[in-house]
Amino acid sequence: MKKAKKLLVIACLGGVGYLLVKLLKTELGQEKLFEILGEDTYLAILDKVRLVGDLIMWPVDFVRALLP
């Protein structure tokens with residue numbers, strides 16, 4: 001029973017996280033975030049998120065480069 005509850009909580013958090021990312025990818029969401037955080041903070045966070053994405057994807061890109 002505990003495992004089922006844990007799985008349900010993880011699924012709910014994943015769903016909320018997915019919806020939050022979808023919301024922030026919209027133009028309106030980005031504008032509101034930009035207004036709240038300010039230009040410097042927003043751009044710094046955006047750079048860090050892109051860097052993390054690049055670090056996560058480099059093995060995949062490396063393997064793709066090796067394939068014919």
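User: Why is Phe-62 called partly exposed?

Analyst: Happy to walk through it. In this predicted model, Phe-62 has a relative accessible area of 48%. Buried would need a value under 20% and exposed one over 50%, so Phe-62 falls in between and counts as partly exposed.

User: What makes Trp-58 count as exposed?

Analyst: Trp-58 has 53% relative accessibility. The cut-off for exposed is over 50%, so Trp-58 counts as exposed.

User: How do you know which kind of pair the rings of Trp-58 and Phe-62 form?

Analyst: Two values settle that. A pair of aromatic rings is described by the distance of the centres and the angle of the planes. For Trp-58 and Phe-62 the centres are 6.4 Å apart, and pairing asks for centres within 6.5 Å, so the two rings pair. Their planes stand at 65°; since an angle over 60 degrees counts as edge-to-face, the pair is edge-to-face.

User: How far apart are Trp-58 and Phe-62 along helix H3?

Analyst: They are four residues apart in helix H3, which means a separation of about one helical turn.

User: How many aromatic pairs does the structure hold?

Analyst: It holds two aromatic pairs. Besides Trp-58 with Phe-62, there is Phe-34 with Tyr-42, whose ring centres are 5.4 Å apart and whose planes are at 85°. That angle is over 60 degrees, so this pair is edge-to-face as well.

User: Which residues of H2 and H3 meet?

Analyst: From H2 come Gln-30, Leu-33, Phe-34 and Leu-37, and from H3 come Glu-39, Thr-41, Tyr-42 and Ile-45. This contact comprises five nonpolar residues, two polar and one charged.

User: What makes H1 roughly perpendicular to H2?

Analyst: The axes of H1 and H2 come within 4 Å and cross at roughly 85°. That angle lies in the 65 to 115 range, so H1 is roughly perpendicular to H2. Leu-23, Leu-24 and Lys-25 of H1 make the contact with Glu-27, Gly-29, Gln-30 and Leu-33 of H2.

Definitions and conventions
Residues are numbered from 1 along each chain as its sequence is written. This is a predicted model: local features need pLDDT of at least 70, side-chain atom pairs count only at pLDDT 80 or more; totals for chains, interfaces and linings use all residues. Side-chain values use heavy atoms; hydrogens and water are left out. Contact means heavy atoms within 4.5 Å. Helices (H or I, at least four residues) and strands (E, at least two) are DSSP runs, numbered from the N terminus. Ala, Val, Leu, Ile, Met, Phe, Trp, Tyr, Cys and Pro count as nonpolar, Asp, Glu, Lys and Arg as charged, and the others, Gly among them, as polar. Rings of Phe, Tyr and Trp (its six-membered ring) pair if their centres lie within 6.5 Å; planes under 30 degrees apart count as stacked, over 60 as edge-to-face and the rest as tilted. Buried means under 20% relative accessible area, exposed over 50%, partly exposed in between (1.4 Å probe, protein chains only). Axes are lines fitted to C-alpha atoms, for helices over the stretch in contact, and angles run from 0 to 180 degrees between N-to-C directions. Angles under 35 degrees count as roughly parallel, over 145 as roughly antiparallel, 65 to 115 as roughly perpendicular and the rest as oblique.
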